[in-house]
Amino acid sequence: MADIETAKRNAAQKAVADHFDPSARYVGIGSGSTIVYVVEAIKALKDERVSRINYVPTGYQSRQVIYNAGLQDIKFDSLPPDAVIDIAFDGADEVDEDLNCIKGGGACLYQEKLVATHARKFICVA
């Protein structure tokens, strides 16, 4: 595995270990290559509560990652009106020394912003 992929996996494992709450009701899952490792780390927890959480994907790719992991997804539009996303995980294309993040300008950016702003806690995995 290339060094960059190892770094992404390590960052995802640390983010999940430090911030993921298996008793959450809704968890936002961003888009991009790092999210694969976030979902992998969540699934590796071997906690039965993980399968009861509703995961809110920000795009088709993240929905497929959630589905392939055997987890339950829910579209942002299908959330109950009073629902709050407990935590959202997403990656960034670049992070500078002042921790300013550059997100991609792709098709998922708007959905990523919606999920992030409706989350109690946002974790940028980088």
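A crossing of two helices is right-handed if the near helix is turned clockwise from the far one by less than a right angle, and left-handed if it is turned anticlockwise. I note this before anything else, and also that the model I am reading is predicted.

**Entry: α1 against α2**

With that convention in hand, I looked up the crossing of α1 and α2 and found that it is right-handed. Helix α1 covers residues 3-19 and helix α2 residues 33-43, and the two pack at an angle of about 45° with their axes 8 Å apart. I then listed who makes the contact: from α1 come E5, K8, R9, A12, Q13 and V16, and from α2 come S33, T34, Y37, V38, E40, A41 and I42. Sorted by class, the residues of this contact are six nonpolar, three polar and four charged.

**Entry: α2 against α3**

Next I turned to α3, which spans residues 60-68. The axes of α2 and α3 come within 10 Å and cross at roughly 25°, which means that α2 is roughly parallel to α3. This crossing, too, I recorded as right-handed. Here I35, V36 and V39 of α2 meet Q61, S62, V65 and I66 of α3, and the contact holds five nonpolar and two polar residues but no charged ones.

**Entry: what is buried in α2**

Which residues of α2 are buried? I noted T34, I35, Y37, V38, V39, A41 and I42. The elements that cover them include the helices α1 and α3 together with the strands β1 (26-29), β2 (54-57), β4 (87-91) and β7 (122-125).

**Entry: the sheet**

I followed the strands next and found five of them in an open sheet, in the order β3-β2-β1-β4-β7, with parallel pairing. At the edges stand β3 (72-73) and β7, each of which pairs on one side only. Looking at β2, I counted four bridges in its parallel pairing with β1, where Y26 has N54 as its bridge partner. Two bridges join β2 to β3, again in parallel, and N54 has Q72 as its partner in β3.

Finally I returned to α1, which lies across β4 and β7 and runs at about 160° to β7.

Terms used: Residues are numbered from 1 along each chain as its sequence is written. This is a predicted model: local features need pLDDT of at least 70, side-chain atom pairs count only at pLDDT 80 or more; totals for chains, interfaces and linings use all residues. Side-chain values use heavy atoms; hydrogens and water are left out. Axes are lines fitted to C-alpha atoms, for helices over the stretch in contact, and angles run from 0 to 180 degrees between N-to-C directions. Contact means heavy atoms within 4.5 Å. Ala, Val, Leu, Ile, Met, Phe, Trp, Tyr, Cys and Pro count as nonpolar, Asp, Glu, Lys and Arg as charged, and the others, Gly among them, as polar. Buried means under 20% relative accessible area, exposed over 50%, partly exposed in between (1.4 Å probe, protein chains only). Angles under 35 degrees count as roughly parallel, over 145 as roughly antiparallel, 65 to 115 as roughly perpendicular and the rest as oblique. Two strands pair if DSSP finds at least two bridges between them.
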